[in-house]
Amino acid sequence: MPKIAITFVMAIGMILTPIYLLSMSRQIFYGYKLFNTPNSYVFDSGPREVFVSISIFIPVIGIGMYPNFVLSLSVDKGRYSI
């Protein structure tokens, strides 16, 4: 019986965690009032924020498409083996 109760509590946690996380992320990115705001702009980033976003986005996509380029840097080539 305790295993069933623990499994039930864990399942409830797995359901409620994404709901809380997504609502918290929405409040962080869009503010508390999401609707009924006059003259709200979706894209209010300046050139600096766009540059930083692109500088992060391009390596993430590159490493996602070609992970062997980064993973090959951590492979032991045998040069320094004793």
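Here is a short chat about reading the helices, cover and confidence of this predicted model.

Reader: How many helices and strands does the protein chain have?
Author: Helices (H or I, at least four residues) and strands (E, at least two) are DSSP runs, numbered from the N terminus. Here you get 3 helices and 0 strands, in the order α-α-α. Residues are numbered from 1 along each chain as its sequence is written.

Reader: Why does the span of helix α1 agree with its 29 residues?
Author: The expected span is 1.5 Å times one less than the number of residues. For α1 (residues 2–30) that gives 42 Å, and the end C-alpha atoms are 42 Å apart, so the two agree.

Reader: What share of the 82 residues is buried?
Author: Buried means under 20% relative accessible area (1.4 Å probe, protein chains only). In this chain it's 0% of the 82 residues, and α1 is hardly covered, with a buried count of 0.

Reader: Which helix has the highest confidence, and which the lowest?
Author: pLDDT is the predictor's confidence in each residue, from 0 to 100. Helix α2 (residues 47–65) is highest at a mean of 90, and helix α3 (residues 67–71) lowest at 85. The chain's mean is 80, with 76% of residues at 70 or more. Local features need pLDDT of at least 70, while totals for chains use all residues.

How values were computed:
Predicted model: local features only at pLDDT ≥ 70, side-chain atom pairs only at ≥ 80, totals over all residues. Heavy atoms only, no water. Buried < 20%, exposed > 50% of the residue type's maximum accessible area, 1.4 Å probe, protein only.
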